Amino acid sequence: MMLSVCIITKNEKENLERCLEQISGYGFEIVVADTGSEDGTLQMAQRYTDCIYEFEWCGDFAKAKNFAVSKAKNNMVFVVDSDEYVRRIEIEKLKQQIAKHPKAVGRVQRVNFIRQDHEIRESREYINRLFDRRYYCYEGKIHEQLVAKDGNLYPVYDTTIIMEHSGYLLSEPQRIEKARRNIQLLEETLKENGPDPYILSQLGKSYYMINDYERASDFFSEALSFDLDPKLEYVIDAVESYGYALLNSGKADQALGLEGVYEEFGKSADFQFLMGLIYMNNEMFERAIEEFLKASRQKESRMKGVNSYLALYNAGVIYECTGNTARALEMYRCCGDYEPAQKRYKKIKG
């Protein structure tokens, strides 16, 4: 298949090796651009590809990715990060999709693993990664975005590719180091280019990563003060992250303000689940249960469990705390093998 996989990396030998192992069986050209590794990454990568290049790091992710893309033999490229791993590619379907959409951008489904409330949770998102380099390039020092070279908006389609992403499963020192690096680059971008809702929302996410929920909520609030399209994925993410930042900073009453955007965002299980938590934290228990049950009836969600066991578990906790043990048991039973629910069920049953 005439497709080149392009990767930039630095000191991620173990992650990159897993990435290369899983992508190497598909027959794609693999291009690796290293930005200064000192951990044996280059030597390891040579086992999988001869197309290895060194790029002097200049504090600009877009330039690094554009460099890697420029080294590909094929015009059709698939950009992958070192900490992403192929779960599935249906090659024949992918060939058909590329042939059908030669000038469009292909989105891949990425499953993120996130450490939250002492559990590993999964969230799903779609990101632009497959494109013809003659028509597209990257822009932005940090959280770089794919843009059309002619400056126009571009069509997208969903590919058959499913990736897994471990980049959020960092140790605390790694997490803090990564967030502070991102914050520095994002703040530089703001100084150079002026206020931008996407950059402001990414600053919010970076402060959220280091548990500075006060500053995170301030940046999310500023980002959402712009006139934004509620269908954009980063806007949806910013709205929900803003709600969680407010809850985590003890501002549950302020989070009630998200009722004002329910019409735009309230059709998803993820937003309904968030509103359930907001009502729960404001002791509005009937409304909280209503939102949790509404979320549990949705077919899909970005965060795994918010349309099933997590929503039902929270409803069960409210029923239990308000003395309705029969309904609590019913909710916990419906959570399947979710361990916290099983523990609550056994405790009530004695």
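Predicted model: local features only at pLDDT ≥ 70, side-chain atom pairs only at ≥ 80, totals over all residues.
The largest nonpolar core comprises 81 residues. Within this core, the residues with the most contacts are Cys6, Phe131, Leu258, Phe273, Ile278 and Phe292. The element that gives the most to this core is helix H11 (residues 269-281), with 9 residues. Another core, of 29 residues, lies apart from the largest one; Cys19, Ile23, Val32 and Leu130 are among its members. In soluble globular proteins, nonpolar side chains tend to be buried together.

Phe292 belongs to the largest core. When residues up to four places away in sequence are not counted, Phe292 touches Phe273, Gly276, Leu277, Met280, Ala311, Asn314, Ala315 and Ile318. Of these partners, Phe273 is also listed with the residues that have the most contacts inside the core.

Helix H12 (residues 285-296) packs with helix H13 (residues 309-321) at an angle of about 155°, and their axes are 8 Å apart. Because angles over 145 degrees count as roughly antiparallel, H12 is roughly antiparallel to H13. The crossing of H12 past H13 is left-handed. On the H12 side, the contact is made by Phe285, Ala288, Ile289, Phe292, Leu293, Ala295 and Ser296. The H13 side contributes Ala311, Leu312, Asn314, Ala315, Ile318 and Tyr319. Sorted by class, the residues in the contact of H12 with H13 are 11 nonpolar and 2 polar, with no charged residues.

Ala328 is located in helix H14 (residues 325-333). Its relative accessible area is 0%, so Ala328 is buried. Ala328 and Leu185 are separated by 143 residues in sequence, and their C-alpha atoms are 48 Å apart in space.

Leu190 is part of helix H5 (residues 172-193). The relative accessibility of Leu190 is 18%, and Leu190 therefore counts as buried, the cut-off being under 20%. With neighbours within four places in sequence left aside, the contacts of Leu190 are Pro195, Asp196, Ile199, Leu200 and Leu203. The C-alpha atom of Leu190 is separated by 33 Å from that of Lys304, a residue 114 places away along the chain.

Note on methods: Residues numbered from 1 in each chain as written. Heavy atoms only, no water. Core = buried A, V, L, I, M, F, W, Y, C linked by side-chain atoms within 4.5 Å. Buried < 20%, exposed > 50% of the residue type's maximum accessible area, 1.4 Å probe, protein only. Helix = DSSP H or I, 4+ residues; strand = E, 2+ residues; numbered from the N terminus. Contact = heavy atoms within 4.5 Å. Axes fitted to C-alpha atoms, helices over the stretch in contact; angles between N-to-C directions. Parallel < 35°, antiparallel > 145°, perpendicular 65-115°, else oblique. Left-handed = near helix turned anticlockwise from the far one by under 90°. Nonpolar A, V, L, I, M, F, W, Y, C, P; charged D, E, K, R; others polar.
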